[in-house]
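Below are some numbered points for a reader who is new to this structure. Please keep the model open while going through them.

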Amino acid sequence: MKPVRTITATALPLDRSDVDTDQIIPSDWLKRVERTGFEQGLFSEWREDPSFVLNDPRFAEARILVAGPNFGTGSSREHAVWAIQQYGFEAVISPRFGDIFRNNATKNGLVPVQVSEKMVRTLFDSIAALPSIEIIIDVEELFVVCPVAGVKSDFPLDPAVQHRLLNGLDDIGLTLAHTDAIDSFEAGRPDWLPSLA
């Protein structure tokens, strides 16, 4: 995955609470064997309504998704994160995230930005008034700011997760960072132990 330091982009306002993973990517999409093409399934049932915000051309270039509280609750499906990313979003701002969704997000390079409900409401109102406003998310300094709206907030991120995002390390990348130690361990293994060779 690619390193994430700062994201400066416009945002799409998904003014809904308790958005679960089945709403993010309906279960029909879980039958796919590929790991690509999930952007077509993002909120696919809601997108049947022409007035749904994802169908609004004003937000076609948005790379930040702003959502209500309890985003990503429900069943564990990495597909939800894949769908959001493949659609073009790099971060989700919400007052609360489902724990499993947050974990899946950070392991795939999608930044979960948790801020207060008051700030999210200010962002919703500001985006509605001016869809072209930009939001800046700084993963290194752990803050989010919307200068036009006049709001700024720190957001929490575990240091290990922050390291993962800043350096673009998925689980394999984290393991490969210890290649020298792994090679040293393998070189010292007795011959009688099981081996992959």
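1. N104 is buried, with a relative accessible area of 12%; buried means under 20% relative accessible area, exposed over 50%, and partly exposed in between (1.4 Å probe, protein chains only). This residue sits in helix α3. Helices (H or I, at least four residues) and strands (E, at least two) are DSSP runs numbered from the N terminus. Not counting residues up to four places away in sequence, N104 touches S76, R77, E78 and V81, where contact means heavy atoms within 4.5 Å.

2. On the basis of these values: this is a predicted model, in which local features need pLDDT of at least 70 and side-chain atom pairs count only at pLDDT 80 or more, while totals for chains, interfaces and linings use all residues. Residues are numbered from 1 along each chain as its sequence is written, and side-chain values use heavy atoms, with hydrogens and water left out.

3. Just after α3, G109 takes a positive phi of about 90 degrees.

4. Helix α2 (residues 78–87) packs on helix α3 (residues 99–108) at an angle of about 50 degrees, and their axes are 9 Å apart. Axes are lines fitted to C-alpha atoms, for helices over the stretch in contact, and angles run from 0 to 180 degrees between N-to-C directions. The two helices α2 and α3 are therefore oblique to each other; angles under 35 degrees count as roughly parallel, over 145 as roughly antiparallel, 65 to 115 as roughly perpendicular and the rest as oblique.

5. Which residues make the contact of α2 with α3? From α2 they are E78, A80, V81, W82, I84 and Q85, and from α3 they are F101, N104, A105 and N108. These divide into six nonpolar, three polar and one charged. Here Ala, Val, Leu, Ile, Met, Phe, Trp, Tyr, Cys and Pro count as nonpolar, Asp, Glu, Lys and Arg as charged, and the others, Gly among them, as polar.

6. G72 lies in the loop between β2 and α2. G72 is buried, with a relative accessible area of 4%. Leaving aside neighbours within four places in sequence, G72 is in contact with V19, T21, I24, G98 and F101. From V53, G72 is 19 residues away in sequence and 18 Å away in space, C-alpha to C-alpha.

7. The strands form an open sheet of seven, in the order β4-β3-β2-β1-β5-β6-β7, with mixed pairing; two strands pair if DSSP finds at least two bridges between them. At the edges are β4 (111–114) and β7 (151–154), each of which pairs on one side only. Neighbouring strands of the sheet are turned by 25 degrees against each other on average, direction ignored.

8. Two pairings can be checked in detail. β2 and β3 pair in the parallel sense over three bridges, and V66 stands opposite I93 in β3. Strand β5 (residues 134–138) and strand β6 (residues 143–146) run antiparallel and are joined by three bridges; the bridge partner of I136 in β6 is V145.

9. What covers the sheet? Both faces of β3 are covered, with A91 and I93 buried on one side and V92 and S94 buried on the other. Helix α4 (residues 117–129) lies across β1 (6–14), β2 (64–67), β3 (91–94), β5, β6 and β7, and runs at about 120 degrees to β2.
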